[in-house]
Structures are given as C-alpha cells and as structure tokens.
Amino acid sequence: MIRRHIIFYGHVQGVGFRYYCVHKARQLGLTGWVKNKYDGTVEAEVQGLEEQIDQLIQYLNS
C-alpha cells in the first residue's frame, strides 16, 4: 500500500471534478481526501494499491 499527494492543474476547479475523483476512488477501494485550492488547482491525497492509484490518475486525466 502506498500514499500519493497529487495536484491537478487546468480546468478542474469545481464540485464536479471533486465528485468524480471521490466516486472513482471509492470504486477502486482507495481512501484519502480532495479539495479545491485558492490558486485554481485541486489537491488530493490518495492511499491504496499502486495499480488502483494509477487507474484513478489515468481516469481523471481523460
């Protein structure tokens, strides 16, 4: 099990992106948190198996 701290840039600010992040993370069995930052980025910290974290990142990048 690993933990990753991730910062997403671009058009990610808003409830929709955070909702999809949390929803997909739960589907993959990951734990952690996600929040909007004042500079327009979204910050997340996820914990779980490396394969599932990579799947989450790929999903959110698409």
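A nonpolar core is a set of buried Ala, Val, Leu, Ile, Met, Phe, Trp, Tyr and Cys residues joined through side-chain atoms within 4.5 Å, where buried means under 20% relative accessible area, exposed over 50%, and partly exposed in between (1.4 Å probe, protein chains only). Keep that in mind for the tour.

This is a predicted model, in which local features need pLDDT of at least 70 and side-chain atom pairs count only at pLDDT 80 or more, while totals for chains, interfaces and linings use all residues. Residues are numbered from 1 along each chain as its sequence is written, and side-chain values use heavy atoms, with hydrogens and water left out.

**Stop 1: the whole chain.** Switch to cartoon view and you will find two helices and three strands, ordered β-α-β-β-α along the sequence. The radius of gyration is 11 Å, close to the 11 Å that the globule rule gives for 62 residues, so the chain is as compact as a globular protein of that length. Helices (H or I, at least four residues) and strands (E, at least two) are DSSP runs, numbered from the N terminus; the radius is taken over C-alpha atoms, and the rule is 2.2 Å times the number of residues to the power 0.38. Along the principal axes, the C-alpha atoms fill a box of roughly 30 × 15 × 15 Å.

**Stop 2: the core.** Select F8, L30, L56 and L60, the residues with the most contacts inside the largest nonpolar core, which has 14 residues. Now colour strand 1 (2-8), helix 1 (15-27), strand 3 (42-48) and helix 2 (50-61), the elements that give two or more residues to this core. In soluble globular proteins, nonpolar side chains tend to be buried together.

**Stop 3: L30.** Zoom in on L30 and show its contacts (heavy atoms within 4.5 Å). Leaving aside neighbours within four places in sequence, L30 is in contact with A25, Q47, G48, L49, Q52, I53 and L56.

**Stop 4: V34.** Move on to V34 in strand 2 (residues 31-36). V34 is buried, with a relative accessible area of 17%. Beyond four places in sequence, V34 is in contact with R18, C21, V22, V42, E43 and A44.

**Stop 5: Y59.** Finish in helix 2 with Y59, which is partly exposed at a relative accessible area of 34%. Not counting residues up to four places away in sequence, Y59 touches Y20 and K24. The C-alpha atoms of Y59 and W33, 26 residues apart along the chain, are separated by 17 Å.
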